Amino acid sequence: MKVLSNEHVIYYFNQENTAQFQVEDGETFWVETDDCYSGQITDESVKRPDIDISIMDCSVGPIFVHGALPGDTLCVEILAIQFAPQGVMVTSKGLGVLGERIEQPDTKIIPIRDGFAYFSDSIRLPLTPMIGVCGVAPKAGLNIHCAVPGDHGGNLDTKLITVGSRLYLPVEQEGAGLAIGDLHACMGDGELSGTGIETPGRICIRTTVRHDRPISRPVIETRDSLYFLASAATLDEAIHTAVADGASFLQEKLSLNFPDAYRLLSATCDIQISQVVNDWKTVRLHCPKFDTKIETL
Ligand code: CA
Ligand code: CA
C-alpha cells in the first residue's frame, strides 16, 4: 500500500498548487502527517510565541485523485489513525475562549501509549483520534490558509472526522487537490483552549469519487447519521448555512415541500458546534438516518 510522506506539504489551499501525489479512484493508502506546528515544538522549552505560525497546520498534499472532476464529490473514508508516542498542548495569551486569563505561554508534552494520553501522573485520557485539517482545492481565485476552515473543508476541527467516518468534499478542480494534516489524539467540541492534543501520525484513507451527488460544503457520514458542516465568520451565519443545507437535503431526498422539510428537520436534527477558535467558526447539523431514503448522502 502506498505511503504518502510528509515531505510534501501545503500551507494554503488553492488551485495553483502542483499535485505532489497521485492516487486512483477507490485507492486505499496511508498519509504520514507532521503535527500542526510542523514539528517546531520539540520540547517544553519551546513556547507558542517562539514558533513560526505561518507554517501551522501544514497539510500533506496536494493529492491528485484520478477521475475527480469539478462538480463531483470526493469521499474520504477514514480507515485507521496511528499516533506518534507523544503529543503537545500549548497555552498562550489570547489563545482559545479564555485566552485572556493566560499570562505566560506554556507548553505541555503529553505521552501517548496503549490507547491513552497521559495528561499527568493521575489523569489519563482514552484517545479520541481525529483529523483537524482535510480539504480540497477551493474555487478558482481563492487562496485559503490551512488554518482556516471553509466550503472546501480545511481546518474543520470536527471530532467526527475520525475512524469509521466518511468526509465528503466538493471537487472544484480536476484531481480534487486533497490535503490532510493536523492530527489530534484527543479533542472536545469547540477546541476550547485553542488546541487539541497535537501529534504527528499516520492516517489510512480510501478516496472515492462520486459523480451523482454534488455538494456545496463538507458533509460527514457515520453509520447512523449525516452531518452538514458549515463555517463562517460567526456561529449565527454558520448555523444558518448548515440548517439550509440540511433542509434542502431532506426536501430533495423525501420529496417534501419546504415547510414540511423544515418541520421534520426541527423535530429530528441537532445543531452542534465543531470549533469556535479558528478565524471562522464551524458548526454541523446532525441529521439521524431516520428513514431508509436518507441512508446515504
Ligand atoms: Ca486545527
Ligand atoms: Ca490542531
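I looked up Leu74 and, leaving aside neighbours within four places in sequence, found it in contact (heavy atoms within 4.5 Å) with Val65, Val136, Leu167, Tyr168, Leu169, Val171, Ala176, Leu178, Thr207, Thr208 and Val209. The model is predicted, local features need pLDDT of at least 70, side-chain atom pairs count only at pLDDT 80 or more, and totals for chains, interfaces and linings use all residues. Residues are numbered from 1 along each chain as its sequence is written, chains are lettered from A and ligands numbered from 1 in the order written, and side-chain values use heavy atoms, without hydrogens and water.

For the calcium ion (ligand 2), I noted protein donors (N, O and S atoms within 2.8 Å of the metal, 3.2 Å for Na, K and Ca; water is not among the atoms, so sites may look incomplete) from Asp182, His184 and Glu198, at 2.3 to 3.1 Å. The donor residues follow the spacing D-x1-H-x13-E. Asp182 also bridges to the calcium ion (ligand 1), 3.3 Å from ligand 2. I recorded Asp182 as buried because its relative accessibility is 2%, buried meaning under 20% relative accessible area (1.4 Å probe, protein chains only). His184 is buried, at 0%.

Notes: Buried < 20%, exposed > 50% of the residue type's maximum accessible area, 1.4 Å probe, protein only.
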